[in-house]
Protein chains: 2
Amino acid sequence: MTKNIKVNAAILIIGNEILSGRTQDTNTSTLATWLNSIGVKVDEVRIIPDIEKTIVDTLNTLRKSNNYVFTTGGIGPTHDDITASSVSKVFGLKYEINKEAFKILEAYYKPGEFNEGRQKMVWMPENAELILNPTSGAPGFSVENVFCLPGVPSILKSMLGGLKNKIVGGEPILSHTISLRTVESEIASSLTKVQNQNKDVEIGSYPFFQAGKLGVSIVLRSENQSKIDVCNSQILEFIKEKKIEVVNR
Amino acid sequence: MTKNIKVNAAILIIGNEILSGRTQDTNTSTLATWLNSIGVKVDEVRIIPDIEKTIVDTLNTLRKSNNYVFTTGGIGPTHDDITASSVSKVFGLKYEINKEAFKILEAYYKPGEFNEGRQKMVWMPENAELILNPTSGAPGFSVENVFCLPGVPSILKSMLGGLKNKIVGGEPILSHTISLRTVESEIASSLTKVQNQNKDVEIGSYPFFQAGKLGVSIVLRSENQSKIDVCNSQILEFIKEKKIEVVNR
């Protein structure tokens, strides 16, 4: 048997535009899906404003209770981009020009275009490791277990490939979904029994509406496929008894 | 001059399905937009798993540092719906059948349909105040400054109307957006100057892609319209100097 090594992470979304409701965050879902696929479980997400003290305090809490912390947002060229300077404070590091990042952006822009505004994006904590950005040049960076990514979803997505080798996950978290033409209250007590008999499997129950009809998706999650299989059989048994239809979704 | 009364709130999203990336949260944006419109500023959002200790500890932190806390998720009929029992623990209250909620659901369902699973949804903290649900019957509830809403976005939305009278906001937070055909680095230093001269206005800068073209939206936020107007004029001045095009968005 393989040993289950649990590796956890927190996601920290930095940005007033999410807190005001103006912008719909999608980075949480992107990062969480990707992290799960490489065996890292997201235990917590926080969304906080562009306020230095809040960023510093929150990062200090999260980096101690998680194997990894991923931040999004606040690494652009404007006055409200304060993630890099805040991370420098978190680790007591100098906030300075990263020479490697400078070279990358100097080569990326046309002569004369690497102006003062853009140069702000190469200021980082001393000795930060770069996270390359194949979309728009300006790299993200990491210090110890804190990885700082941009807020623009398409750019963030394009940077995950280059990040993969830097993250050591545990056992991948496997999942299996069973979608049913029923309502939660019909299966609640049977599902509780299955959960009680399978403590190691996380069983979620999620109502949905599809093509005007109600349904419930049951999601089984574990690092262990055979535990999921046992759970799945028990669920198929009670839905057969109850004559509940399984649906594709 | 009217006195600015700051009223703040935290949103607590409870649910493994968000943390796994399976489900994209949209309740944050819905709640934040609505809260802003009634003068409540969202200072923090947290997304946490369906674990009682985590729910209790997080609620105890958030309810002390915010005027209001809004939770979403975990009030359905299945074993993973533990918000109501957790809130009971937070306030040291009995977890019991709410008679008013019982009557509502008894009347809502056809005879014989108000089964054991559904009856779980009327278990609440002692003396909880109900939040009516015009969509699917089962009410949310509040205890002191903690308001518990469902996770299903359409149901949550339908409950906000009935909630409005229970929330006392401060000055509504006004905002004004200026969208420009430019990139952030072109305006970064001018925008920093405007921010430094207008400390009371929150100025955000957000790059966008629209119809294949890059742009930047500048968002000005304050409780005070005349402060926004001053800020706006200063921005219009520098974009005129720089010959930057204003675009509709």
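A crossing of two helices is called left-handed if the near helix is turned anticlockwise from the far one by less than a right angle, and right-handed if clockwise. By this rule, helices α8 and α9 of chain A make a right-handed crossing. The structure shown above is a predicted model, in which local features need pLDDT of at least 70 and side-chain atom pairs count only at pLDDT 80 or more, while totals for chains, interfaces and linings use all residues. Residues are numbered from 1 along each chain as its sequence is written, chains are lettered from A in the order in which they are written, and side-chain values use heavy atoms, with hydrogens and water left out.

Helices and strands are DSSP runs numbered from the N terminus (helices H or I, at least four residues; strands E, at least two). Helix α8 covers residues 184-197 and helix α9 residues 225-241; in chain A they pack at an angle of about 155°, and their axes lie 10 Å apart. The axes are lines fitted to C-alpha atoms, for helices over the stretch in contact, with angles running from 0 to 180 degrees between N-to-C directions. α8(A) and α9(A) are therefore roughly antiparallel, a term for angles over 145 degrees, whereas those under 35 count as roughly parallel, 65 to 115 as roughly perpendicular and the rest as oblique. Where the two helices meet, α8(A) contributes A:Ile187, A:Ser190, A:Leu191, A:Val194 and A:Gln197, and α9(A) contributes A:Cys231, A:Gln234, A:Ile235 and A:Phe238 (contact means heavy atoms within 4.5 Å). By class, this contact of α8(A) with α9(A) holds 6 nonpolar, 3 polar and no charged residues. Here Ala, Val, Leu, Ile, Met, Phe, Trp, Tyr, Cys and Pro count as nonpolar, Asp, Glu, Lys and Arg as charged, and the others, Gly among them, as polar.

Turning to chain B, helices α8 (residues 184-197) and α9 (residues 225-241) pack at about 155° with axes 10 Å apart. That makes α8(B) roughly antiparallel to α9(B), and their crossing is right-handed.

Another pair in chain B is formed by helix α2 (residues 27-37) and helix α7 (residues 153-163), whose axes come within 10 Å and cross at roughly 15°. These two helices are therefore roughly parallel to each other, and α2(B) passes α7(B) in a right-handed crossing. In this contact B:Asn27, B:Thr30, B:Leu31 and B:Trp34 of α2(B) meet B:Pro153, B:Leu156, B:Lys157, B:Leu160 and B:Leu163 of α7(B). The classes here are 6 nonpolar, 2 polar and 1 charged.

Between the chains, the contact takes 51 residues from chain A and 52 residues from chain B. The area buried there is about 4200 Å², with carbon and sulfur atoms giving 53%; buried area is the accessible area (1.4 Å probe) that two parts lose on being put together, summed over both. In chain A, A:Arg22, A:His79 and A:Tyr206 lose the most area to chain B, together 15% of what that side buries.

One salt bridge joins the side chains of A:Lys6 and A:Glu223, at 3.1 Å from N to O. This pair links distant parts of the chain, 217 residues apart: A:Lys6 lies in the segment before β1 (8-14) and A:Glu223 in the loop between β11 (213-222) and α9 of chain A.

Note on methods: A salt bridge is a side-chain nitrogen of Lys or Arg within 4 Å of a carboxyl oxygen of Asp or Glu.
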